[in-house]
Amino acid sequence: MSDIANALGPLFLLILLGAALGWARFPGGDFWPRLERFIYYLLFPAMLVATLATADVRQVPVLRLGVTLLGTMTLLGLGLWLARHRLALAPPAFTSTFQGVVRFNTYVGVAGATALHGAAGTTVAAVAVALMVPTANILCVLAFIASGTLGSASLRRSAVALLRNPLILACLLGIVLNLGGIGLPGWSFEAIELLGDAALPLGLVAVGVALRPQALWHSGKAFWLSSALKLLVTPMIVLTLAWMVGLHGADRDIALLFAALPTATSAYILARQLGGDAELMAAVITGQTLLAMATLPLLLNAFGVN
């Protein structure tokens with residue numbers, strides 16, 4: 001337990017630092033929204049490209065990892081949709097609950113994988129991101145469409161945004177460079193790697209800044225449903241599928257880590273743009289992030305890293 005706490009503790013401290021900076025409104029103005037865009041569109045994609053373009057992805061059991069992670073996301077998404085009438089949630093609240101279950105925080109995931117398993121963990125995490133980001137985006141947009149919260153114009157914008165998603169494009173570029181035997185020649189690797197090194201610490205601080213504790217007061221049953229499914233049920237399904245397909249070792253640890261992550265802060269933006277319940281989404285993001293500080297180490301200690 002102490003090894004896991006030592007690995008994840010610094011990550012949570014950076015998130016709490018971000019929360020304190022957000023509460024103090026330092027440095028003020030639109031600094032944090034601009035920095036978050038800088039991280040999302042440049043620094044984090046640079047990290048993914050540097051990792052995927054040069055890693056030996058043949059060491060990663062991509063098929064078994066994909067079955068485990070994507071199978072879990074699909075099962076939960078389908079289950080939520082089939083149970084929507086029993087849940088008796090308004091369509092905007094349902095879509096925010098759905099995002100809270102299906103989406104995941106990439107910054108915490110990659111940083112945690114690196115802290116737990118070093119470079120090998122980073123490689124597996126990058127492959128997980130390449131698999132999960134497109135799937136999560138497609139499932140969430142389908143949930144908005146099926147719930148009837150967006151019009152045709154929003155649907156077109158969503159499709160374009162999906163095709164322009166910087167994380168998806170970065171993963172594709174990294175894979176093409178890797179499979180083509182090109183890699184990152186000359187000084188390009190060092191330069192892109194340096195950019196990528198800044199992504200995770202700044203991304204974790206930005207996660208903290210985005211927290212909205214005041215939103216928790218009006219969260220209701222949708223918050224608890226979303227959090228229970230995301231932080232408890234999802235890891236159990238991943239562990240079951242991992243056992244069924246023979247995923248083990250560091251690969252299984254990373255799959256468990258990504259299953260137990262809180263939802264992504266970007267879900268709030270999507271909720272505002274596509275007719276979701278933005279206030280509920282803010283509560284889900286904040287509550288899950290805070291709860292995960294306790295559940296992540298406990299789950300990894302009980303079922304993952306020894």
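A crossing of two helices is called right-handed if the near helix is turned clockwise from the far one by less than a right angle, and left-handed if it is turned anticlockwise. In this predicted model, the crossing of α11 and α12 is right-handed.

**View 1. Helix α11 against helix α12.** The axes of α11 and helix α12, the latter spanning residues 249-259, come within 8 Å and cross at roughly 155°. Because angles over 145 degrees count as roughly antiparallel, α11 is roughly antiparallel to α12. On the α11 side the contact is made by Lys 230, Thr 234, Pro 235, Val 238, Leu 239 and Ala 242, which meet Arg 252, Ala 255, Leu 256, Phe 258 and Ala 259 in α12. Sorted by class, the residues of this contact between α11 and α12 comprise eight nonpolar, one polar and two charged.

**View 2. Leu 239 and its surroundings.** Leu 239 is found in helix α11, and with a relative accessible area of 10% it is buried. When its neighbours within four places in sequence are left aside, Leu 239 is in contact with Arg 252, Leu 256 and Phe 303. Leu 239 and Thr 72 are 167 residues apart in sequence, while their C-alpha atoms are 9.7 Å apart in space.

**View 3. Ala 242 and its surroundings.** Ala 242 also lies in helix α11, and at 1% relative accessibility it counts as buried. Not counting residues up to four places away in sequence, Ala 242 touches Thr 68, Leu 247 and Arg 252. From Ala 242 to Pro 92 the separation is 150 residues in sequence and 33 Å in space, taken from C-alpha to C-alpha.

**View 4. Helix α5 against helix α11.** Helix α5 covers residues 91-102 and helix α11 covers residues 220-245; their axes come within 8 Å and cross at roughly 20°. Since angles under 35 degrees count as roughly parallel, α5 and α11 are roughly parallel to each other. The crossing of α5 and α11 is right-handed. From α5, the residues Thr 97, Gly 100 and Val 101 take part in the contact, and from α11 the partners are Ala 222, Leu 225, Ser 226, Leu 229 and Lys 230. The contact of α5 with α11 holds four nonpolar, three polar and one charged residues.

**View 5. Helix α5 against helix α14.** Helix α14, made up of residues 278-303, packs with α5 at an angle of about 25°, and the two axes are 9 Å apart. The two helices, α5 and α14, are therefore roughly parallel to each other, and α5 passes α14 in a right-handed crossing. In this contact Ala 93, Ser 96, Thr 97, Gln 99 and Gly 100 of α5 meet Leu 280, Met 281, Val 284 and Gln 288 of α14. By class, the residues joining α5 with α14 divide into four nonpolar and five polar, with no charged residue.

**View 6. The largest nonpolar core.** The largest nonpolar core has 94 residues, and among these Phe 44, Leu 48, Leu 65, Phe 258 and Leu 296 touch the most other members. Helix α6, which runs over residues 106-147, gives the most to this core, with 20 residues. With residues up to four places away in sequence not counted, Leu 48 touches Ala 126, Val 129, Leu 167, Ala 170 and Cys 171.

**View 7. The loop between α1 and α2.** This view shows a loop between α1 (2-24) and α2 (31-54), where Pro 27 is found. The peptide bond that leads from Phe 26 to Pro 27 is cis, with omega near 5°. Arg 25 is likewise found in the loop between α1 and α2, and although it is not a glycine, Arg 25 has a positive phi of about 55°. With a relative accessible area of 73%, Arg 25 is exposed.

View 8. Ala 88 is found in the loop between α4 (84-87) and α5. The phi of Ala 88 is near 55°, a positive value in a residue other than glycine. Ala 88 has a relative accessible area of 60% and is exposed.

Key
Residues numbered from 1 in each chain as written. Predicted model: local features only at pLDDT ≥ 70, side-chain atom pairs only at ≥ 80, totals over all residues. Heavy atoms only, no water. Axes fitted to C-alpha atoms, helices over the stretch in contact; angles between N-to-C directions. Helix = DSSP H or I, 4+ residues; strand = E, 2+ residues; numbered from the N terminus. Parallel < 35°, antiparallel > 145°, perpendicular 65-115°, else oblique. Contact = heavy atoms within 4.5 Å. Nonpolar A, V, L, I, M, F, W, Y, C, P; charged D, E, K, R; others polar. Buried < 20%, exposed > 50% of the residue type's maximum accessible area, 1.4 Å probe, protein only. Core = buried A, V, L, I, M, F, W, Y, C linked by side-chain atoms within 4.5 Å.
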